[in-house]
Amino acid sequence: MQKQSLVESVLDNLPVAVFAKDATDDFKFVLWNKKQEEITSLRAVKALGNDDYDLFSEESANYFRSVDKAVLKRGKLLKVPEEIIDTKHRGEVHLRTVKLPVKDEKTGHDLVVGISEDITEQVQSLRQLEHLNKNLVKTNKELADTQMQLIQAEKLESIGRLAAGVAHEVKNPLAMILLGVDYLSRGIDPDDGNVETILTQMREAVERADRIVRGLVDFSSQRALSREPVKLDLVIEEVLLLVRHELTRTTTNVVIDIEDNLPHVFLDMSKFEQVMINLVINAVHAMHDTPRGELLIRGRSERIKDVIKNQGARKFEVFREGDRVVILDIIDNGSGIEKGDVSRLFDPFFTTKATGHGTGLGLSVAKKIVALHGGNLTLENREDGKGARARLILPTEIDTGKVSLVPKLLKEIDT
Amino acid sequence: MANKVLLVDDEAGFTQLLKMNLEKSGGYEVMIENDSTQALATALSFQPDAIVLDVVMPGMDGGDVQAQLQQSPRLSKVPVVMLTALVDSAELSEGAVAQAGTTTVLPKPVDLNLLLRVLEEVLPEG
Ligand SMILES: Nc1ncnc2c1ncn2[C@@H]1O[C@H](COP(=O)(O)OP(=O)(O)OP(=O)(O)O)[C@@H](O)[C@H]1O
Ligand SMILES: [Mg+2]
């Protein structure tokens with residue numbers, strides 16, 4: 001073997017491929033270092049004196065040639081961030097290359113010198129990462145779908161439990177209609193002043209039955225989460241329509257105290273009704289042994305700073321200081337929460353109720369739904385120890401709109 | 001003189017319709033009380049011959065009202081008809097009537113003919 005010059009041995013020890021072509025002599029290779037041999041699977045003895053067309057496919061050669069010409073024309077260095085060559089042993093190899101024009105002082109020939117770095121592995125891991133990421137997005141989406149299904153399943157379960165009560169609620173207006181029919185069918189005296197009252201009552205009864213049934217149907221429908229500005233009074237009214245029987249059956253007294261001019265809350269009616277129903281039913285259950293059940297539903301609006309102050313430096317991840325929020329409290333005078341249960345209330349399947357009376361999904365699903373609304377749900381004992389208080393803190397601004405829902409959902413799942 | 005019937009139920013519309021029917025078809029003199037906590041006071045002043053009571057009411061349920069009535073010497077003998085949605089008409093076998101002492105239990109929604117029949121039975125000749 002010929003003794004290498006210093007320059008040659010330096011070139012052969014470089015971790016990058018170096019080659020040169022003589023543009024004045026048909027772009028024949030005049031330099032081809034060790035790394036270039038490795039990358040291309042082509043020995044220098046084979047490459048030197050040949051051009052791209054001898055060594056690579058025509059397509060690749062055309063491309064290399066056009067770049068070489070561009071380098072010479074511009075007269076300065078050109079970066080090729082990624083190029084692909086087909087090799088015998090390694091298949092596709094990805095290169096990052098810089099090419100520069102060099103004038104051979106001795107011969108006056110124009111050379112194109114190239115320096116290539118093998119980035120195949122990087123490219124491959126990047127591809128893999130992209131693939132993984134795509135899978136992750138897909139998995140997240142599936143998880144989000146599953147979560148929606150879970151929410152819907154829980155809803156169907158509460159519908160099952162509410163249905164009997166709702167049926168009773170419909171029975172009342174039906175009974176009134178029947179009484180009206182009874183009256184009218186027993187002959188009417190033209191001077192009978194009652195007839196008008198009866199017809200009005202019957203009409204109202206039909207409307208009431210319709211409202212109750214429609215309330216249940218709307219509540220049961222499964223739609224994608226869609227939020228709109230809603231008046232809280234309206235939600236509460238709808239909810240009470242569905243749980244009214246549970247309340248009267250247990251002779252629970254309901255007090256509603258909603259601040260005037262409460263700002264609209266931005267929420268999905270049907271999902272939010274689900275939350276409220278869960279909380280109200282929980283309160284009713286907790287008041288099972290209370291002689292005079294009292295349910296207070298209280299709504300007011302505050303700036304988040306005051307909320308934090310009032311709650312003793314508690315942290316809210318979802319709200320910023322100064323945000324205007326609506327605070328909705330559902331306060332009962334029931335059994336309260338056992339100390340040991342406090343940390344587990346929101347765990348799925350945590351229940352203190354007898355088998356068949358609770359699945360323990362209510363609060364966990366309620367919390368999820370409230371989180372989807374960018375809100376916060378807590379449950380704790382009343383300060384006076386006379387029962388429990390569920391507290392909903394809800395954003396009023398529209399800027400936490402639809403777009404943010406999915407990412408928020410995904411983030412939820414991450415944690 | 002017509003027999004007097006007191007209706008205690010929180011449903012104003014329902015009691016109004018029932019009153020009109022009882023007046024028209026039974027010839028009774030009917031008084032309505034929609035607030036169960038006032039039932040005893042109203043009964044004491046109205047002195048009904050029969051009381052129709054809804055079992056499930058907010059505030060005080062029919063059972064509580066009935067217990068109050070029983071404790072009042074002037075009312076304990078007055079027949080009570082309790083209306084309840086808590087038992088199914090099916091459970092009370094075909095329009096049947098459950099009876100205990102002076103109290104008769106009827107399923108809701110109330111069948112007017114059945115109520116008229118029961119009232120006729122429990123009331124003294126008008
Ligand atoms: N208002 C309340 N007062 C006292 N304890 C409560 C109250 N609300 C909930 N809890 C407690 O939290 C537990 C979990 O409530 P959650 O709603 O998740 O499930 P559940 O009511 O037991 O069953 P489900 O709602 O699935 O029918 C309850 O079993 C109860 O012990
Ligand atoms: Mg629950």
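What follows is a walk through a few local features of this predicted model. Residues are numbered from 1 along each chain as its sequence is written, with chains lettered from A and ligands numbered from 1 in the order in which they are written. Because the model is predicted, local features need pLDDT of at least 70 and side-chain atom pairs count only at pLDDT 80 or more, while totals for chains, interfaces and linings use all residues; side-chain values use heavy atoms, with hydrogens and water left out.

Let's start with helix α1 of chain A, residues 6-13, which holds A:V10. Helices (H or I, at least four residues) and strands (E, at least two) are DSSP runs, numbered from the N terminus. A:V10 counts as partly exposed because its relative accessibility is 45%; buried means under 20% relative accessible area, exposed over 50%, and partly exposed in between (1.4 Å probe, protein chains only). Together with A:L6 and A:L14, A:V10 makes a nonpolar surface patch of about 280 Å². Patches take residues with over 30% relative accessible area and no salt bridge, joining like charges within 9 Å and nonpolar side chains (Val, Leu, Ile, Met, Phe, Trp, Tyr) within 5 Å. A salt bridge here is a side-chain nitrogen of Lys or Arg within 4 Å of a carboxyl oxygen of Asp or Glu, and accessible areas come from the Shrake-Rupley method with a 1.4 Å probe, only the protein chains shown counting as cover for residues.

Leaving out residues up to four places away in sequence, A:K21 touches several others, among them A:D52, A:D68 and A:D110, where contact means heavy atoms within 4.5 Å. Helix α2 of chain A (residues 34-40) contains A:Q36, which is buried too, at 5%. Beyond its neighbours within four places in sequence, A:Q36 contacts A:A17, A:V18 and A:F19.

Further along chain A, five strands build an open, mixed sheet in the order β7-β9-β10-β12-β11; two strands pair if DSSP finds at least two bridges between them. β7 (253-258) and β11 (376-381) of chain A each have a single partner strand, so one side of each lacks a neighbour in the sheet. Within the sheet, β9 (residues 294-303) and β10 (residues 324-332) of chain A run antiparallel, joined by nine bridges, and A:L296 stands opposite A:I331 in β10(A).
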